[in-house]
Amino acid sequence: MDKLIVKGGVRLKGRVNISGSKNSALPILAATLLTPETCVIRNVPDLSDIRFMLEILSRLGAKVTFEDGVVTTRAEKVDSETPYDLVRKMRASICVLGPIIARCGRAKISEPGGCVIGDRPIDIHLKGLAALGAESRMEGGDVYVTSKELVGKEIFLGGKFGSTVLGTDNVMMAATRARGLTIIESAACEPEVRDLAEFLRKMGAKIVGQGTRRMEIEGVDHLHGAEHSIIPDRIEAGTFMVGALITQGDVVLTGIEPEHLVNLIDRLKSCGAHINPEASGLRITTPHELSSVDFVTETYPGFPTDMQAQMCALMSVTPGISAITEKIFPHRFMHLSELRRMGASVELEGATAIIHGVEHLSGAPVMASDLRASAALVLAGLVAQGTTEVNRVYHIDRGYEHIDQKLSALGAQIERIR
Ligand code: EPU
C-alpha cells in the first residue's frame, strides 16, 4: 500500500490546473449505458473510482477505451446483473441502476451498504424508481428491480437530509426512457447533476429545470450517442484553495468554474483570504493571518460536505474558535481523531466539531479513513512542523488526480512511497 510522506513548512506557490470532476464523470459514464451507440466523454480524470466504473461498464457488456482523458463507450448489449466484487468497492456504482432499468427492464445490484462517512441508504433511489413503475425487493444482500414499463409520474425525492445527488441522477436517467412526463420535486441542484442532465440532453433526452429543485423529463423512445466534456472538479479546486491558505501561499487555479464555488469562496473570504479572478483563473493569497469561521454543510448551493474535512484542517491552525456542523453525513468526522494526533484542539459535540486554532501542528504518522479525510491530512501535513506520514493513500487516489505531483509542482515537499 502506498503512503505519502509530507514535510511541512513550505508555502505553495504557482499555478495548478484542475481536473475533470469525479462526481460528474461517474454518473455520466453510467448514462452511456442508455444508448447502444458510441459516446465520447472528454476531460475524464484518471482516478481509481473512474477505473472501477469503466470496469463495471465493460463487465456489463460495453466496449470501453480510456486514453488521455477521453473515454469512448459503446454498449450494444447491456447485462442486467452488476458484479458484486466491483460494486462493493465503490458506492457510487449505484448510479448504473437507473440506466440498467431503463435499458433492460430489470436489474440486480448489491446493496451498497454504509461506508466510513456513515449510513448510506438507497431508499429514496428505490422510492423514485417505484413511482415510475419499477418494483424492488431485497434478497441475500442484493436489490432486484423489475419493471414491465416505466411510466412518468410526479415524484418527491427529498429525504431527512435534503435532496439526494445520485438518487436524483438515477430517477432522471430512468425517466428519460419512461412513457410520458416525470416531474422530480426536491431534485438535487448540484452542478454535477446539471452536467449529467446536459449530457442526457445531448443524447436526445427532453429535460428542463436541471440545476433547480423541480425538474421535468419527457420520456423518449430512443437515446443516441453523444460527445461531452466533464465540468471541472469543484472539490479538487476547493482543496487546492485550502492548500494555498493553510500554507500562506500564492496559488492560481486554472480550468475552474468559480460560480460552482460561490459558497466556499464566500466562507474563505470571510476568513480573510484574498481570492481574485485573473485572466486565466483564480488567484488565492493570504496577505495576513486568517480568522476562524463557522459553517454548516448543506446541499448545493450550501457549503459542500465534501469540503468539510479540509476546512477542519484549516481551522485547526487558524486563530479563534470555529464551529463546523455536518448536516449531510452527521458521522463524517473520522479525520478529527487523526488531526488531534497532530496536535489539533478539537471536540465533537453531536454533529458539530468545535475547533480551537493552535499555533502549530506536528507531523505524525496518520491513517486516512476516506477520500476527503485523507485530503485533510495531507493539507495538515503541509503546514505541520516535521514529517507527516499519510497511510492508506488509496483513498486519496480515488478522487484526486496526481495529487502528489500537483502539490510538488507548487513547491510542496511530498513523496509517494510505494
Ligand atoms: N440518503 C438517504 N437515502 C437515499 C439516498 C441518500 O437517506 O436513498 C441520504 C444520505 O445518507 C445522506 C444524504 O441523503 O445523508 C445525501 O446523500 P446523497 O444521496 O446526496 O449522496 P450520494 O449521491 O450518495 C454524492 C457524492 C458524495 C457527496 C454527496 C453529497 C458522488 C459519486 N458522490 O453522494 O461525494 O458527499 O453526494 O454531496 O457524486 C466524495 O466525493 O467524497 C463523496 C462522498
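The model is predicted, so local features are described where pLDDT is at least 70, side-chain atom pairs count only at pLDDT 80 or more, and totals for chains, interfaces and linings use all residues. Residues are numbered from 1 along each chain as its sequence is written, and side-chain values use heavy atoms, with hydrogens and water left out.

Let us start with helix α12, residues 371-383. Helices (H or I, at least four residues) and strands (E, at least two) are DSSP runs, numbered from the N terminus. Twelve of the 13 residues of α12 are buried, so the rest of the structure largely encloses this helix. Buried means under 20% relative accessible area, exposed means over 50%, and partly exposed lies in between, using a 1.4 Å probe and protein chains only. Among the buried residues are Leu-371, Arg-372, Leu-377 and Gly-381.

Thr-388 belongs to strand β22, residues 387-391, and is buried, with a relative accessible area of 0%. Beyond its neighbours within four places in sequence, Thr-388 is in contact (heavy atoms within 4.5 Å) with residues including Leu-377 and Gly-381. Leu-4, Ile-5 and Val-6 are also among its contacts.

Next comes the second largest pocket, which holds about 410 Å³ of space. Its lining has 21 residues, and those closest to its centre are Ile-246, Gln-248, Val-317, Glu-359 and Val-383. Helices α8 (234-246) and α12 each supply at least two residues of this lining. A pocket here is an open set of points on a 1 Å grid over the protein atoms alone, where a 1.4 Å probe fits, with protein on both sides within 12 Å along at least five of seven lines; lining residues have an atom within 4 Å of a point. The volume is the space filled by probe spheres set on the points, which are joined across faces, edges and corners.

Finally, what surrounds the ligand? There are 24 such residues (a heavy atom within 4 Å), and the closest are Asp-123, Thr-164, Asp-306, Ile-328 and Arg-372. In the side chain of Arg-332, an N or O atom is 3.3 Å from a ligand oxygen.

How values were computed:
Polar contact = N/O pair within 3.5 Å; in protein donor to acceptor, adjacent residues only side chain to side chain.
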